[in-house]
Amino acid sequence: MTIKVIIVDDQAMVRAGFAALLAAQSDIDVVGEARDGREGVEVSRRSHPDVVLMDVRMPEMDGLEAARQLLDPPRGVTHRPKVLMLTTFDVDDYVYEALRAGASGFLLKDAPPADLISAVRVVAAGEALLAPSVTRRLIADFARQRPAPRRDGPALRRSGLTPRETEVLELIARGLSNQEIAESLVLAEQTVKTHIGRVLAKLGLRDRAQAVIFAYESGLVTPGQ
């Protein structure tokens, strides 16, 4: 199956470089480009890509607003692509808010070419692209700017998670990989994957990235614990 991609970036050389790299892959087809968020939304609505590579900072409409419009479309629009944010910064509020809006992750623009190709495939397959080290920095950066909520907040109490599922969610939010969670809880890695699936289903979350955000906002995880 061919993965359809559009590239949204205000720098023509970046678009051209990414397009050439991705188009050279037998399983990826670049079906459009756009120079700002507004144009990116229009191109996406016409071409129905599987993945949108979206720059964070652009004129006219930034990547955050464009991601919101793509992931929460108006009535009558059924297509919702996966959105992968592109940024020159490790972590900033734009990236955090994009993940809240439903973006599947983010990638640094200076990442190696192989990482970009892999990222498109990972996101197209429905996985979140959020490395454990990025998870840790994301939480720490967000927490420095906002007061932490109560650990026994109502969202967590209403979630219906079992004690084991709550443990798994906390370890996800602390940046542990599936293998590390399995080792920490003395479980098989497949069992951890099952728990994660149940956590996402009970909380109505799309992926691991949104699970991290829920864990912080519900107070399950606070920096410095």
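Figure 1. E3 is mostly covered, with five of its five residues buried. Strands (E, at least two residues) and helices (H or I, at least four) are DSSP runs, numbered from the N terminus. Residues are numbered from 1 along each chain as its sequence is written. The model is predicted, and local features need pLDDT of at least 70, side-chain atom pairs count only at pLDDT 80 or more, and totals for chains, interfaces and linings use all residues, while side-chain values use heavy atoms, with hydrogens and water left out.

**Figure 2. The open sheet of five strands.** The strand order is E2-E1-E3-E4-E5, with parallel pairing; two strands pair if DSSP finds at least two bridges between them. Strand E2 (28-34) and strand E5 (105-108) are the edge strands, each pairing on one side only. On average, neighbouring strands of this sheet are turned by 25 degrees against each other, direction ignored. E1 and E3 pair in the parallel sense over four bridges, and Val8 has Met54 as its bridge partner in E3. E3 is joined to E4 by five bridges, and these strands run parallel; the partner of Val52 in E4 is Val83. Four bridges join strand E4 (residues 82-87) to E5, also in parallel, and Leu84 has Gly105 as its bridge partner in E5.

**Figure 3. Helix H5 across the sheet.** Helix H5 (residues 113-124) lies across strand E1 (3-8), E2, E3, E4 and E5, and runs at about 125 degrees to E3. Axes are lines fitted to C-alpha atoms, for helices over the stretch in contact, and angles run from 0 to 180 degrees between N-to-C directions.

**Figure 4. The crossing of helices H8 and H10.** Two packed helices are described by the angle between their axes and the distance between the axes. The axes of H8 and H10 come within 9 Å and cross at roughly 95 degrees. H8 is therefore roughly perpendicular to H10 (65 to 115 degrees; under 35 counts as roughly parallel, over 145 as roughly antiparallel and the rest as oblique). From H8, the contact (heavy atoms within 4.5 Å) involves Arg164, Glu165, Val168, Leu169 and Ile172, and from H10 it involves His195, Ile196, Arg198, Val199, Lys202 and Leu203. By class, the contact of H8 with H10 has six nonpolar, one polar and four charged residues; Ala, Val, Leu, Ile, Met, Phe, Trp, Tyr, Cys and Pro count as nonpolar, Asp, Glu, Lys and Arg as charged, and the others, Gly among them, as polar.

**Figure 5. The crossing of helices H9 and H10.** The axes of helix H9 (residues 178-185) and helix H10 (residues 189-203) come within 8 Å and cross at roughly 105 degrees. H9 is therefore roughly perpendicular to H10. Asn178, Gln179, Ile181 and Ala182 of H9 meet Glu189, Val192, Lys193 and Ile196 of H10. The residues of this contact divide into four nonpolar, two polar and two charged. In the loop between H9 and H10 lies Val186, a residue other than glycine with a positive phi, near 55 degrees. Val186 has a relative accessible area of 73% and is therefore exposed.

**Figure 6. The largest nonpolar core.** This core has 22 residues, and those with the most contacts inside it are Leu169, Ile181 and Leu203. A nonpolar core is a set of buried Ala, Val, Leu, Ile, Met, Phe, Trp, Tyr and Cys residues joined through side-chain atoms within 4.5 Å. Helix H8 (163-173), H9, H10 and helix H11 (208-217) are the elements that give two or more residues to this core. Not counting residues up to four places away in sequence, Leu203 touches Ser159, Leu161, Leu169 and Phe214. Another core, of 20 residues, lies apart from the largest one and includes Val56, Met58, Met85 and Phe106.

**Figure 7. Helix H11 and the glycine that follows.** H11 is mostly covered, with eight of its ten residues buried. Among the buried residues of H11 are Val212, Ile213, Phe214 and Tyr216. Gly219, which follows H11, has a positive phi near 90 degrees.

Technical notes. Buried means under 20% relative accessible area, exposed over 50%, partly exposed in between (1.4 Å probe, protein chains only).
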